[in-house]
Amino acid sequence: MIRRTFLLLLATCDFSRTVQEEGQHCGAIILNSTHGDAEVYAKCTTATSVHIHNTNLTSLDNSFPSLHTISQNEDKHAIVISFNENLTWSGQLFPKLESVLVKNESLQLATIAIHDNPKLCVPPDALIRLQQLSAAATSRESTFIQHCHCDMNTLQEMEKESMVTRKTPLSVGRCVVFNGDLTIDKSVPENLKHAMSNIRTIHGTISVQDSTWKEFRLPVLEVIENVSKRPAIFIKDNAYLENVSMPLLRSLLSAGDHVHIYNNPRLRLSDFMRETFQTAVLADPTDHSSSTIHIKTSPCRINATGISKELQHCDSIDGDINISGNSNVDRTNLEYLSSVTKLFGCLTIKGTSLKSLLFLSHLKEVHCKSNQPPILIARNPITSIELAVHIVRSSYDQPVVIRNNKFLCEKFIEKWQKLLLTMRKVNKGNGSIIEHSNNGSHCGSRSSQSPLLLILTALASTMMFVAMVLMTRRFN
């Protein structure tokens, strides 16, 4: 009778329901290098904490689908996700989590701590949701969530997800800290630049080689830290690249060279970017025995349109510069030559109304290949020569010619002549000299007088003439 009653009780018990109910209260959920299966906790509805630390997980997509409440222990964070080398954010983590309960606020523990996950990017909408859960649990700011981290693969996946699914950056996120080598080659489409626009720190290198990009921009990049022996910035063999811009770069740390840029035929690197690289290298405490910035850009070419905005940031030009009275060169266009230091061609300025050559004040070298004066300055109302050219070479051994500039003071020509003769001696006879004639005879003419001084002089002469006339009439 007793045995039959016991069997009847066993038959009426729902063991599956008992196991399920026990599984809903999971206590401390821990995933680590030895216990990394999140599916074990799929039916958990409440827990005291969730710690995901040092795992081999690559994704937490829809993990803990039933968890709706976490009651934080007094000595533990409610949620910790840290030091997961390959973990990326996809889908939704804790899709049903509604509340996080804090028992003791005086311990000053962060309710939610997410840090040191090199590939993990918490999208802004998920970040807001976690912050709201934490804010509902405590009166103080109690979240510590890392900036959006990524590597090359996750960066491309983020851009792909944004393009294919039409998700906004709010849902996908924008990479702030890049870990690894940012590599741009012919296989990488230029639309990736949108995903790169928020990168502030790179732990690795930048390599742009054999790409089809026209522009490479990292508008908010501040720091590059490279521990390898490769150059921190390597830009080479890009047939279409015209511009490189990292305007906020302030710290460039590298175990190897800092910058290698060469063999990019269309690239015009501005003086500002060159100075930015130089300044950023100063932050590197590593003792480098020699210069680690190697930049070589191809000369700009003067096309049929002449002097145009395309020459604005050129430091060297291939082609003749001809400025004459009938060329109708706009004064604004002349300022596009202000960055030029080398001219691989001949310079001709004749018959103009120019009173100054300041727009060529940075020009240092002229290499003329034609059978004509390497520099010809004639019939201009200039008052001085502000050129700093110290190397002038002519394939046909032609001299520099300066003539018929009636307001040009000879002393400026003589001073420039001495400089060229000195450089000619240094270069063992290789270099041009100056032939000059019919310029301003002395420096007391218009050549050394400002317009204001000329006006004052004329006014003084007129007043003296009037005074003499009045005096003469008085005595008569």
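**Exercise 1.** Work out how Glu-222 is classed by accessibility and which residue it meets in a salt bridge.

*Solution.* Start with the surface: Glu-222 has 23% relative accessibility and counts as partly exposed (buried means under 20% relative accessible area, exposed over 50%, partly exposed in between, with a 1.4 Å probe and protein chains only). This is a predicted model, in which local features need pLDDT of at least 70, side-chain atom pairs count only at pLDDT 80 or more, and totals for chains, interfaces and linings use all residues. Side-chain values use heavy atoms, without hydrogens and water, and residues are numbered from 1 along each chain as its sequence is written.

Next, find the partner: Glu-222 forms a salt bridge with Arg-200, their closest N and O atoms being 3.6 Å apart (a side-chain nitrogen of Lys or Arg within 4 Å of a carboxyl oxygen of Asp or Glu). The two residues are 22 residues apart. Arg-200 is partly exposed too, at 39%. Finally, Arg-250 joins Arg-200 and Glu-222 in a network of salt bridges.

**Exercise 2.** Decide whether Arg-274 and Asp-315 are buried or exposed, and say what their pairing ties together.

*Solution.* First, the distance: the closest N and O atoms of this salt bridge are 3.0 Å apart. Arg-274 lies in helix 7 (residues 271-281) and Asp-315 in the loop between strand 21 (300-301) and strand 22 (316-318), so the pair ties together parts 41 residues apart in sequence (helices are DSSP runs of H or I with at least four residues, strands runs of E with at least two, numbered from the N terminus). Then the setting: both residues are buried.
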